[in-house]
Amino acid sequence: PDLSGGDDAGNPSGDAAAMPASMAAALDAVEADAFFCFTHLMAETRDHFCSKLDHTELGITAKITRMEKLIEAKDPELGRALKRLRVVPTFYGFRWITLLLTQEWDLPDVLRLWDSLLADPNRLDFLLYFCVAMVVSIRGELLEQNDFAFAVKALQRFDGRVPLHSLLRRAHS
């Protein structure tokens, strides 16, 4: 059902005061749940934004290093090629991780991705697995071009090159 009230036949004006009490209570509950989820997620990711933690196991540098090691473990040839080209994950991974991939996908895909992230008890690990799946999914292009500028641009502007559902499957496996 539409909880916004705006298109409700019983309340065409969308006026919250004219809304039935049960609908107002439902909206309050949805808002409270959304706020709880958001604050919980921000509490988990806050260490990414503390400069004093950057070079500790909790900071963003450790997450990016872990992502690099995962790429090397999943696809050693690609890992070596990226190292040879000097394409370090900081060039693309910093933005991916700190912005939770909101710049790489359209809103419906971001919502689907975040649904997967929030549902996973190891959500920050899953985020790294998803990032690795993104890199590995375009390995053919990266290896074929064998060019620093191409690789950085392809990774910084992923632009949904691979369907989200395919990457979610890869990240889960």
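Helices (H or I, at least four residues) and strands (E, at least two) are DSSP runs, numbered from the N terminus. Glu104 is placed in the loop between helix H4 (90-98) and H5. The model is a predicted one, in which local features need pLDDT of at least 70 and side-chain atom pairs count only at pLDDT 80 or more, whereas totals for chains, interfaces and linings use all residues. Residues are numbered from 1 along each chain as its sequence is written, and side-chain values use heavy atoms, with hydrogens and water left out.

The protein has nine helices and zero strands. Buried residues (under 20% relative accessible area; exposed means over 50%, partly exposed in between, with a 1.4 Å probe and protein chains only) make up 35% of the 173 residues. Among contacts (heavy atoms within 4.5 Å) between residues at least 6 apart in sequence, 63% join residues at least 24 apart.

Glu104 is counted as buried because its relative accessibility is 5%. The side chain of Glu104 makes a polar contact with the side chain of Arg95 at 2.5 Å; such a contact is a pair of N or O atoms within 3.5 Å, where within protein one must be able to donate a hydrogen and the other to accept it, and residues adjacent in sequence count only if both atoms are side-chain atoms. Leaving aside residues up to four places away in sequence, Glu104 touches several residues, including Trp96, Met134 and Phe158.

Two of these neighbours, Trp96 and Phe158, also belong to an aromatic cluster together with Tyr92, Trp105 and Phe130. A pair of aromatic rings is described by the distance of the centres and the angle of the planes. Rings of Phe, Tyr and Trp (its six-membered ring) pair if their centres lie within 6.5 Å; planes under 30 degrees apart count as stacked, over 60 as edge-to-face and the rest as tilted. Five aromatic pairs are found in a search of the whole structure. Trp96 and Phe158 form an edge-to-face pair, with 6.4 Å centre to centre and 85° between the planes. This pair links distant parts of the chain, with Trp96 in helix H4 and Phe158 in the loop between H8 and H9, 62 residues apart. Trp96 counts as buried because its relative accessibility is 0%, and Phe158 counts as buried at 0% as well.

The structure holds seven salt bridges, each defined as a side-chain nitrogen of Lys or Arg within 4 Å of a carboxyl oxygen of Asp or Glu. In one of them, the side chains of Arg139 and Asp75 meet at 2.3 Å, N to O. Arg139 lies in helix H7 (residues 139-145) and Asp75 in the loop between H2 and H3, so this bridge ties together parts that are 64 residues apart in sequence. Asp75 is buried, with a relative accessible area of 8%, whereas Arg139 counts as partly exposed at 27%. Another salt bridge joins Arg161 and Glu141 (3.2 Å, N to O). Since Arg161 lies in the loop between H8 and H9 and Glu141 in helix H7, the pair ties together parts that are 20 residues apart in sequence.

In helix H9 (residues 164-172), the buried residues are Leu164, Ser166, Leu167, Leu168 and Ala171. These buried residues pack against helix H5 (107-119) and helix H6 (123-137). Arg169 also lies in helix H9, but Arg169 is exposed, with a relative accessible area of 54%.
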